[in-house]
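Please read them with the structure open.

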Amino acid sequence: MKTVLKLAIRFLQQHPFRLFLTVCATAAATCLVLWVVSGYEAILRSYDVFANRALGRYALSVDPISRKWDRQVLPEIVEALRNDPDVIAADRMWAERVVVQSEVVKLKAPPPGSGSKPGKGVKECLLLGTDALAPPFDLLRGRWIGQKKGPGKRTDPIEVAVSAEVAERYGVDVNNSLIVGRDESSLPLRVVGIVDNPPVPITGLMTGSMTLPSPSIAGIYVLMEDAAQILKRQPVITFVGLCLNEGVDVHAFRFAWGPKLSTFKEPAQFQEDHDLEEQLDEAASAENLKLQSYAATLMALLLAFLVIFNTLNMGVLERTRQFAMLRAIALTSGQVARIVFAEGFLIASAGFIGGLAFGQALLLLTGSLSGSVLRHGAHLGVLGISLAAVASFGAAFLAALVPAWRATRVRPLDAMAPPQASKIPPAKRYWYAALIGLGLIGLALVFTFVFPPTNETGAKCRLLYALITLAMGFFLLAPAMVRLVDRFVGPLLARAIGISPKLLAQQLSCHMGRTVASAIALGVGLAMYVSIQVWGYTMLETFVPGQWAPDMFIAFEPSGLTAKGAEEVAHLPGIDTDRCAPIVVEQPRLRKDLTDSATRASVIRQDNVVLVGIDPQKAIGGSGRKPLLDFTYVRGTRRGALASMQNERGCIVPEHFLQETGLQPGDRFELVPPENPQKPVLYTIAASVRFQGWHWMTKENNLRVRAHRAAALVIADYETVCSDFDLFKAKHVWLRYETPAIEADQIADKAQGYYAGILGETVNNGKPKNTSNTSHLGNENEHSSQGNPADDIQTVSTEAVRQTVRAHAKRWLWAVSILPLVAVAIGCLGVLSVIVGSVRARQWEMGILRALGFTRGTLVRLVIAEGLLVGIVAGLLSLGFGIMAGWCGAGLSHHISFFGGMQPALVVPMMALLIGLLVVLQFAALAAIGPAIRVGRTSPLHLLQQGRSAL
Amino acid sequence: MKQESQAGSASGRKEDFNPKSPFMQDAPPLLVDRLTKRFRQGSQVIEALRDVSLTVCRGEFVAIMGASGSGKSTLLHAMAGLTDIDAGSIQVGGRDLAGLNDTQMTRFRREQIGLVFQAYNLLPLLTAEENVRLPVMESRGGKDKASALIERLGLANRRTHKPDALSGGEQQRVAIARALVTDPAILLVDEPTGNLDSVAGAEICDLLRSLCDEQDRTIVIVTHEPSVALAADRVQILKDGVIVDGFPTARFPDAQELANGYQEALQKAAGCQGGAS
């Protein structure tokens, strides 16, 4: 073993620069893993805080659908929930505002968004009666209420736990007292615990409302019966906090229970609060990050594998004679193989150690720069180090397999043979391989699109199959691609840079193995980048509002518009009078779970729809001109839909809704009016249309009035919707501009002026908040709890929505693309190593060229051209793989991704791909510049001498 | 009939195989018996060696001469166990090479066969001493043996030099030292002066001769140069894969005479073959 190790070290020393590059690439790959995984762990730690923000220890909360003043959750609902084996606890919560005084210090003003409102000399605080056995958030000091009481026994004074914020505001601590109520009706409260309620909420909007069904709004926690004593009436269940068993899928639970909750006499719903959604989204993000960290490990492993493979493979090829001699005089084939493995191990060790050191430095730097994002700091963790070790040592092991096998195939007899000049391998086998590769690529497409999977598991398997098949296909295609680039691109490039095509001829094909390996090393990052971009843009287009969408949306809050008012708005300057219509909006639940949301929820598999009532004639009618809603009809016709909407309770739905539900035009489905669940209403599907971007339109236009997501945007007759859902006034208007030159701001100003005129007071103009459901969930007369006036006119142009969606998606896509671009840089080290090796092997040949009169510049251009050719091969392979993988990914996202299912058409973002390709070519050229200059600066004699010794 | 490949498996023999086990005292260091080796070129079968028999006694220095393509290198490769054979047998120190698997063959070659190559085949990153020690790097006393050999071969002041800092003659001496470091039963030398000038070549010949005379080394050398063959005790002439003649070198006073004798033998063999045809 000593001999093996010693020889391995000496062999590595033979090419110090190559060793340096390989170690650098391995260290960079290690560092990449550490960076991503440690960042993931740090963000995950930060998420813990956010996760506890909304509901504390509760997974969900249930509150009444009704917005009436006497709304409550029925005790039967609580009982039903408690009987579910997945439920650990269903704690009743009763939220009421009370007047509280402190005996200790004079009251300080409450901070904004704290949930308390100071009045004129009134110190209000939110009292939360509960029968919870444990605090919803961590206890800072003291104990939880009711823990020293026996059943049915009362304590005197009443025990309460207070939030840390209330404790600070009232200057109380454990065992201090507060007084609730005024004068003779006051009661003393004894503080037994301080609860670490979440800090000032990030969104700041919903938590300001006292109706937010979350324990985070509580200032004082008290037992239910004590709350009844304080408030001097029977307990009311304002909302219910639900704890679920570990492992229960919150989404699945919610979708399974949603329909049941709506069937009670007083229907209830799971709170769809923005914070809650954020919490769930963050959990999903954490899961995504986790996947990203594994993906980064895999990619790092692949990169390190390719670079180390190149180094070891080149080493074995160059040392064939030395291995043969060693086999002849001393070593067995196993020992020779062990030399190669030892080389790989040494490279991995150096790369791992270097990666750890650099990774630590990078994490410290990232930690100091990231501020609040990584507020718990990023540092090396066990998972990160383990995955980094897997990436570096695993890659080295895998990379050594083939070279080691090759080394064992070296015959001792080869030591006797004269050195062989490199030969161009026969092309025929490459064409056969390419045919097989094309077949595999075709199979991936067939199994993705022609025979699509039927379930999620099948889709995941299909995706894995597609990726593996595509990778194998393009790998088999690579040698033929090298030949083609050599044959067709090489001469063009040679002419372009002013060298003889014969000098460049078949430079790549002569060293097929290392050319393919270096092209793949360089192309891995680009392939991933391309697939992300193609997948992202393909998915994105279905979320960008299409040509159907009106130019602008205006909300008139809180009073809405009369029919006459709506007509007057249509006549405002800049608005196309014929294409401006008031709309009424409701978000009812589907009576039957048509989308199967209970078991496979996704962005379009939901249990409710956004229903928009609009005058059909204005929406899709019109003669000779494009209507307000310029739909492309997939099933059904405009005329048929118009008639159906006007006469048969017809509606227009997105095509994907039909595909998800299996419904056909002419079929009917039932919707449950939220305020009147006993009387479901039927709608007939009149037509299906391409409805690109309805999600974001409903989000940005604030049309999702009850739930965070919906299965479809359904367009129906105005009067029918008003009648079915007890809606009396339109609060929103959809419109088209009179001319394309109209500015949205001009119309907004006119609408603001008009609305101020009819209200007789100043109104504000703003954009709807994505999280705001104030008109339905909040007190309609209470615009904001934070002292800011509400936006009375809310205007959103569709173009702004488009820009928002695209900007948001592009930011995300580019953020995700950083990793592949880093991979391109790492792969570049592999190419550099190959080009250095290639140049070294051709020194003698280059010496002869110089001796024959070729200039330094010619040699420099020759080497750079070789690098560029490798880059072109890498680019072509990556573009092919990336586009195919992105396309298959988008196709299979229908079954896998939460955001899938929209039947996206392939979108190839040419500009983004061009940028990626240019980056790769630039890296390839950069990799070649160093060796090129070195060759250019070496004298012909030196080249000949060095070349001879290399032979 | 093709014998079992030397690289093939030899299950059951691995356990009792010991390359250091003492040879049979009366066995010659090298015994080649009716060796036949064929190569296939497409559909054509070429007989590189045909019924070649050769016995080399202990302390004997034998030169195998022949023109290019006569089969002398193939014979050397076969004797070194570097290539499999189609018929006949080769015994080194009384041990038949047939049936040794690849690992056994490697160990046997390392311990019992010293190989010297025309192109030296030194590892460029090892010093002269390290190159010499290569076969005994894992064994005790290897360093001392290597050191002694380096002294003996006049390389004491070059021991820390790497191959690219040594002359051709010095590199070949290092290669000879490396071949001798395991104290092999036989030294097989392939065109040792092919890459050397005449002076360095003569020095190498003298060295080999002295190894034979002073250390009783058994040496088989393959060459086409009469001046090199002159250093041997006897010459075997190979033509078209067949040993056609042999003679002691003592009857030739110089290389020119030996060259004449070699030519005569070749012509005689050609005459015989012509007559036979």
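1. Start with the core. A nonpolar core here is a set of buried Ala, Val, Leu, Ile, Met, Phe, Trp, Tyr and Cys residues joined through C-beta atoms within 7 Å. A residue is buried if 20 or more other C-beta atoms lie within 10 Å of its own, exposed if 12 or fewer, and partly exposed in between, with C-beta atoms placed from the backbone. The largest such core holds 307 residues. Val33(A), Leu303(A), Ala304(A), Leu522(A), Val714(A) and Val873(A) touch the most other members. Helix H27 of chain A, residues 856-896, contributes the most to this core: 23 residues. A second, separate core has 55 residues, including Leu81(A) and Phe239(A).

2. Provenance and numbering. This is a predicted model: local features need pLDDT of at least 70, side-chain atom pairs count only at pLDDT 80 or more, and totals for chains, interfaces and linings use all residues. Residues are numbered from 1 along each chain as its sequence is written, while chains are lettered from A and ligands numbered from 1 in the order in which they are written.

3. Take Val873(A). Which residues does Val873(A) touch, not counting those up to four places away in sequence? They are Met481(A), Val482(A), Val485(A), Leu508(A), Thr515(A) and Ala519(A). Contact means that the C-beta atoms of two residues, placed from the backbone, lie within 7 Å.

4. Confidence. The predictor assigns the complex an ipTM of 0.77 and a pTM of 0.65. Chain B averages a pLDDT (the predictor's confidence in each residue, from 0 to 100) of 82, and 88% of the residues score at least 70. Residues 1-15 of chain B fall below 50, yet this stretch has 26 contacts in the model beyond near neighbours in sequence. Where pLDDT is low, predicted coordinates should not be read in detail.

5. Chain B. Eight helices and 10 strands are present in chain B. Helices (H or I, at least four residues) and strands (E, at least two) are DSSP runs, numbered from the N terminus. Of its 277 residues, 48% count as buried. Among contacts in chain B with a separation of 6 or more, 71% join residues 24 or more positions apart.

6. The interface. Chain A puts 20 residues into the contact and chain B 22 residues. On the side of chain A that touches chain B, H8(A) gives the largest share, six residues. That side divides into nine nonpolar, seven polar and four charged residues.

7. Helix H8 of chain A again. Eight of the 10 residues in this helix, 320-329, are buried. Among them are Phe323(A), Met325(A), Leu326(A) and Arg327(A).

Key:
Ala, Val, Leu, Ile, Met, Phe, Trp, Tyr, Cys and Pro count as nonpolar, Asp, Glu, Lys and Arg as charged, and the others, Gly among them, as polar.
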